[in-house]
Amino acid sequence: MLRVPWTVRKTNEEVLKETETTRSLMNRIRRRQAKFVGHIIRREGLENLVTTGRMEEKKSRGRQREKMLDGMTSWMGTKRVTDALSETWDRESWKDMIANAKGQGT
């Protein structure tokens, strides 16, 4: 493990280059979110209704919030949300889809 004192004044990028590693926190978070969504979609309950957006309610004013499923499908590389939701029923293909996701961000 590389020990860098705070007095050296190195940037995070310099330390990452020295250790020859990359940032992987966002990919780890997205994979866990995808596993959770697969779990929720396979169950038929209130969580499923809320996640898929089938709850009847008045929309709030202003810009609509990004849905969890929309961000996940762009990360996984699928075109439509319905394609991703249909894949959740087959656990093996869902696991493969999560493992082979293109990933983006830092």
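**Helix packing in the model**

H2 passes H6 in a right-handed crossing, where right-handed means that the near helix is turned clockwise from the far one by less than a right angle, and left-handed means anticlockwise. Before more of that, the ground rules. This is a predicted model, with local features needing pLDDT of at least 70 and side-chain atom pairs counting only at pLDDT 80 or more, while totals for chains, interfaces and linings use all residues. Residues are numbered from 1 along each chain as its sequence is written, and side-chain values use heavy atoms, with hydrogens and water left out.

The chain has six helices and zero strands, so the pattern along the sequence reads α-α-α-α-α-α; helices are DSSP runs of H or I with at least four residues, strands are E runs of at least two, and numbering starts from the N terminus.

Back to the first pair. Helix H2 covers residues 25-42, and its axis comes within 10 Å of that of H6, crossing at roughly 160°. Axes here are lines fitted to C-alpha atoms, for helices over the stretch in contact, with angles from 0 to 180 degrees between N-to-C directions. On the H2 side, Arg31, Ala34, Lys35, Gly38 and Arg42 meet Arg91, Trp94, Ile98 and Ala99 of H6, contact being heavy atoms within 4.5 Å. By class, the residues of this contact are four nonpolar, one polar and four charged. Nonpolar covers Ala, Val, Leu, Ile, Met, Phe, Trp, Tyr, Cys and Pro, charged covers Asp, Glu, Lys and Arg, and the others, Gly among them, are polar.

Next, which residues of H4 and H6 make their contact? Helix H4 spans residues 68-76, and its axis comes within 9 Å of the H6 axis at roughly 75°, which makes H4 roughly perpendicular to H6. Met72, Trp75 and Met76 of H4 touch Trp94, Met97 and Ile98 of H6. This contact has six nonpolar residues, no polar and no charged.

H2 passes H4 in a left-handed crossing. From H2 the contact takes Asn27, Arg30, Arg31, Gln33, Ala34, Phe36 and Val37, and from H4 it takes Met68, Leu69, Met72, Trp75 and Met76. These divide into eight nonpolar, two polar and two charged.

Now two single residues. Beyond its neighbours within four places in sequence, Thr88 contacts Gly38, Ile41, Arg42 and Trp94.

Arg3, in the segment before helix H1 (12-19), counts as exposed at 74% relative accessibility. Its C-alpha atom is 9.8 Å from that of Val15, twelve residues away along the chain.

Last, the totals. Of 106 residues, 20% count as buried. Of the contacts between residues at least 6 apart in sequence, 52% join residues at least 24 apart.

Notes. Buried < 20%, exposed > 50% of the residue type's maximum accessible area, 1.4 Å probe, protein only. Parallel < 35°, antiparallel > 145°, perpendicular 65-115°, else oblique.
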